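The paragraphs after it walk through the parts one by one.

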Amino acid sequence: MLSGLEGDGQAHAALLSALVPILRSFYRRRVPGGGDFLDDIEDLVQETLIAVHSRRDSYDRTRPFTVWLFAIARYKLIDNLRRCRAMEPVEDLLDILVAEGFEDATLARMDLKRLLEILPAKQAKAIWDTKIDGLSVAEAANSSRISASDLKISVHRGLRTLVARIRGGQ
Amino acid sequence: MRRTEELIRQLAMDVKPVRSHAIGWRIAVGILGGGAISLLLLIAVFGIRPDLHEALRDFSFWVRSLYTVSLGIGAMFVTASLARPDNVRAHWLWLLVVPVLLLTGIGIGEMANVPLSNWQSLWLGRSWKVCPWRILMLSAPIFAGMLWAFRRFAPTRLPLAGAAAGLTAGAWSATLYGLYCQEESAIFVLTWFTLGMLLAALLGAFLGRRLLRW
């Protein structure tokens, strides 16, 4: 996003492409009837991309990008619902509200990724596999091609570094 | 899907750099552009008060100007905060209370110094019936400048953003009107100038719901 703001067209295109899957799942969970209206979802995704592009002046570089993105996506969704309110039964709102947890999960995943970047790759992968993807120690060790005890030590050391970093307030 | 990729390719062909304080810049340009037209309108319709030279040495002229300018700057900050989609509340709004309270203090001091029988002329002056409407009229070009600025913004609270933009336009239009208006008393400015700005804010809230959609 930042390179895009400086006028780097390629970085901008890469950002927009990366947003497409995120926005698709964002809308798929929220648009009433989900998968039946792929065209509607694609329209919403495209409208959001256009807004991200043409209203990028409104992004504050010091703030989290995802919060800005989802604020735009949510506005587009509400605007869309309002436009066809005549046809939308009210109880569909419930589906939208229920899906709210998705945004937090995405945010948390992106934050986690950034946090894990401070660790050596081996420790980061060990933590990601066992604690987030939920593999067993044996499976994770197998996929990283290290011994089970080595994996456990990596997880332990990585977590200790993270805890120290978080306590340190960074 | 094919169409989305095509769209991204088109969008990426037109990537102009964005300044780091783009919102502030655009609002300032919108106000200056609209303000220039308002100033021409003021000169054409009302003219500038002939005794402006003497007024510049006058305490009441500066009180009035400081009042409208500080409200104009404060309302600009509120508007800028509402231009971002991730801001739900109007930040800085409480700051606008400060100039109002200060002017109220000055107004009370003024009234304490004149006999009761003069209070009405102090309050109504000679132009109370037209003053708020003139400020509202002069705010229109500035509000149009704000609408232009908002074309790149992403407000999510449209009536609130419209009200903030209207108040900004009203405050700067009141500043310009101060170049013509010869009313001196603080209580007059507090009532009728403020009323003009509030009318602009109200109209802005009403128009914002439609015109600020994106």
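What follows starts with chain A as a whole, moves through some of its helices, and ends with chain B.

Keep in mind that this is a predicted model. Of its 170 residues, 25% count as buried. If you take the contacts in chain A with a separation of 6 or more, 56% of them come from residues 24 or more positions apart.

Now for a pair of helices. Pick out α2 (residues 9–30) and α4 (residues 65–83) of chain A: their axes come within 11 Å and cross at roughly 45°. The crossing of α2(A) past α4(A) is right-handed. On the α2(A) side, the contact is made by A:Leu19, A:Leu23, A:Phe26, A:Tyr27 and A:Arg30, while α4(A) brings A:Leu69, A:Ala73 and A:Leu77. Sorted by class, this contact of α2(A) with α4(A) has seven nonpolar residues, no polar ones and one charged.

Further along comes α7 of chain A, which covers residues 121–132. This helix has 12 residues and spans 15 Å from its first C-alpha to its last, close to the 16 Å expected at 1.5 Å a residue. Which residues of α7(A) are buried? They are A:Gln123, A:Lys125, A:Ala126, A:Ile127 and A:Asp129. Just after α7(A) you reach A:Gly134, with a positive phi of about 75°.

Next, follow the chain into α8 (137–144) and α9 (148–167) of chain A, with A:Arg145 in the loop between them. Most residues other than glycine have a negative phi. A:Arg145 is not a glycine, yet its phi is positive, at about 55°. Is A:Arg145 buried or exposed? The cut-off for exposed is 12 or fewer other C-beta atoms within 10 Å, and A:Arg145 has 7, so it is exposed.

The axes of α8(A) and α9(A) come within 9 Å and cross at roughly 100°. Angles from 65 to 115 degrees count as roughly perpendicular, which is why α8(A) and α9(A) get that description. In this contact, A:Val137, A:Ala138, A:Ala140, A:Ala141 and A:Ser144 of α8(A) meet A:Ala148, A:Leu151 and A:Lys152 of α9(A). The contact of α8(A) with α9(A) splits into six nonpolar residues, one polar and one charged.

That leaves chain B and the side it turns to chain A. Here 25 residues of chain B are in contact with 31 residues of chain A. Helices α1 (2–13) and α2 (22–45) of chain B each supply at least two residues of the side touching chain A. The largest share, seven residues, comes from α1(B). By class, the chain B residues on this side divide into 16 nonpolar, three polar and six charged.

One last stop in chain B is B:Pro50, in the loop between α2 and α3 (52–55) of that chain. B:Pro50 counts as exposed because it has 9 C-beta neighbours inside 10 Å. The C-alpha atoms of B:Pro50 and B:Gln182 are 9.9 Å apart, although 132 residues separate the two along the chain.

Conventions:
Residues are numbered from 1 along each chain as its sequence is written. Chains are lettered from A and ligands numbered from 1 in the order in which they are written. This is a predicted model: local features need pLDDT of at least 70, side-chain atom pairs count only at pLDDT 80 or more; totals for chains, interfaces and linings use all residues. A residue is buried if 20 or more other C-beta atoms lie within 10 Å of its own, exposed if 12 or fewer, and partly exposed in between; C-beta atoms are placed from the backbone. Two residues are in contact if their C-beta atoms, placed from the backbone, lie within 7 Å. Helices (H or I, at least four residues) and strands (E, at least two) are DSSP runs, numbered from the N terminus. Ala, Val, Leu, Ile, Met, Phe, Trp, Tyr, Cys and Pro count as nonpolar, Asp, Glu, Lys and Arg as charged, and the others, Gly among them, as polar. Axes are lines fitted to C-alpha atoms, for helices over the stretch in contact, and angles run from 0 to 180 degrees between N-to-C directions. A crossing is left-handed if the near helix is turned anticlockwise from the far one by less than a right angle, and right-handed if clockwise. Angles under 35 degrees count as roughly parallel, over 145 as roughly antiparallel, 65 to 115 as roughly perpendicular and the rest as oblique. The expected span of a helix is 1.5 Å times one less than its number of residues.
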